[in-house]
Amino acid sequence: MQENPETKYVKRTQKDYSMSFKLEVVKEVERGELSIGASARKYGIQNPTTVTNWLRKYGKFDWENQTPSNMPKTPEQKILELEQKVKLLEKQKAFLEKQAETSDKKAIIFDMMIDLAEKEYQIPIRKNYSPGQSTNLDQNKKKH
């Protein structure tokens, strides 16, 4: 009595597939030889999502920011892509503005500390003055 291979269900895990097998499937899909669903059917992979996961892990395509070059983008895809870029740039801008603000505050505090140290110990800490820059030290020298 033989079992029909189409009716037999064998649950597989990611570990059941060799790395070379996964990479071969990814190459075939990326070359456009097979779709994700067709590759799953051809190789008996139970869920096409498995192939998608392999593409994300091992493929050469940047899934976060682009679509494959051989697939034309719809206007809606282009708009969504641009909206994502705008959001990313806004986050980066806010982060950099916060960093700049923090740096400015640190510079002010640092200058205040140097001014206090120069006044307290009566020694010049700042060595190089840019022309036209007035400092407390210059004013102290004029007083003495």
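**A guided reading**

Author: Let us begin on the surface of this predicted model, where Tyr121, Ile123 and Ile125 form a nonpolar patch with about 310 Å² of accessible area together.

Reader: Where in the chain is Ile125 placed?

Author: Ile125 sits in the loop between helix H4 (75-121) and helix H5 (136-143). Its relative accessible area is 35%, so Ile125 is partly exposed. Gln122 belongs to the loop between H4 and H5 as well. With 70% relative accessibility, Gln122 counts as exposed. Its backbone also deserves attention: Gln122 has a positive phi of about 50 degrees although it is not a glycine.

Reader: What does the secondary structure of the chain come to?

Author: The chain has 5 helices and 0 strands. Read from the N terminus, the order of its elements is α-α-α-α-α. The accessible surface of the chain is about 12,400 Å², and 56% of that surface belongs to carbon and sulfur atoms.

Reader: Which share of the residues in the chain is buried?

Author: Of the 144 residues in the chain, 16% are buried. As for contacts in the chain with a separation of 6 or more, 37% of them are accounted for by residues 24 or more positions apart.

Reader: How is the packing of two helices to be described?

Author: The general idea is that two packed helices are described by the angle between their axes and the distance between the axes. Here, helix H1 (residues 19-30) and helix H3 (residues 48-58) have axes that come within 9 Å and cross at roughly 90 degrees. H1 is therefore roughly perpendicular to H3. On the side of H1, the contact is made by Met19, Phe21, Lys22, Leu23, Val25, Val26, Val29 and Glu30, and on the side of H3 by Val51, Trp54, Leu55 and Tyr58.

Reader: Which residues of helix H2 are buried?

Author: In helix H2 (residues 36-43), the buried residues are Ala38, Ser39 and Ala40. The cover over the buried residues of H2 includes H1 and H3. Just after H2 comes Gly44, which takes a positive phi of about 70 degrees.

Reader: With which residues is Ser39 in contact, leaving aside its neighbours within four places in sequence?

Author: Apart from those neighbours, Ser39 is in contact with Val25, Val29, Leu34, Ile45 and Val51. Ser39 has a relative accessible area of 0%, which means that it is buried. A distance may also be read here: the C-alpha atoms of Ser39 and Val26 are separated by 9.1 Å, and these residues are 13 residues apart along the chain.

Reader: How far apart in helix H4 do Glu97 and Lys93 lie?

Author: Glu97 and Lys93 lie 4 residues apart, about one turn of the helix. An α-helix has 3.6 residues a turn, so residues three or four places apart point the same way. Glu97 is partly exposed, with a relative accessible area of 45%, while Lys93 is exposed at 52%.

Reader: With which residue does Arg126 form a salt bridge whose closest N and O atoms are 2.8 Å apart?

Author: That partner of Arg126 is Asp115. Arg126 lies in the loop between H4 and H5 and Asp115 in helix H4, so the pair ties together parts that are 11 residues apart in sequence. At 17% relative accessibility, Arg126 counts as buried, whereas Asp115, at 25%, counts as partly exposed.

Arg126 also forms a salt bridge with Glu118, where the closest N and O atoms are 3.3 Å apart. Glu118 has a relative accessible area of 6% and is buried.

Reader: Which residues are linked in a network of salt bridges?

Author: The network of salt bridges links Asp111, Asp115, Glu118 and Arg126.

Key:
Residues are numbered from 1 along each chain as its sequence is written. This is a predicted model: local features need pLDDT of at least 70, side-chain atom pairs count only at pLDDT 80 or more; totals for chains, interfaces and linings use all residues. Side-chain values use heavy atoms; hydrogens and water are left out. Patches are made of residues with over 30% relative accessible area and no salt bridge: like charges are joined within 9 Å, nonpolar side chains (Val, Leu, Ile, Met, Phe, Trp, Tyr) within 5 Å. Accessible areas come from the Shrake-Rupley method with a 1.4 Å probe; for residues, only the protein chains shown count as cover. A salt bridge is a side-chain nitrogen of Lys or Arg within 4 Å of a carboxyl oxygen of Asp or Glu. Helices (H or I, at least four residues) and strands (E, at least two) are DSSP runs, numbered from the N terminus. Buried means under 20% relative accessible area, exposed over 50%, partly exposed in between (1.4 Å probe, protein chains only). Axes are lines fitted to C-alpha atoms, for helices over the stretch in contact, and angles run from 0 to 180 degrees between N-to-C directions. Angles under 35 degrees count as roughly parallel, over 145 as roughly antiparallel, 65 to 115 as roughly perpendicular and the rest as oblique. Contact means heavy atoms within 4.5 Å.
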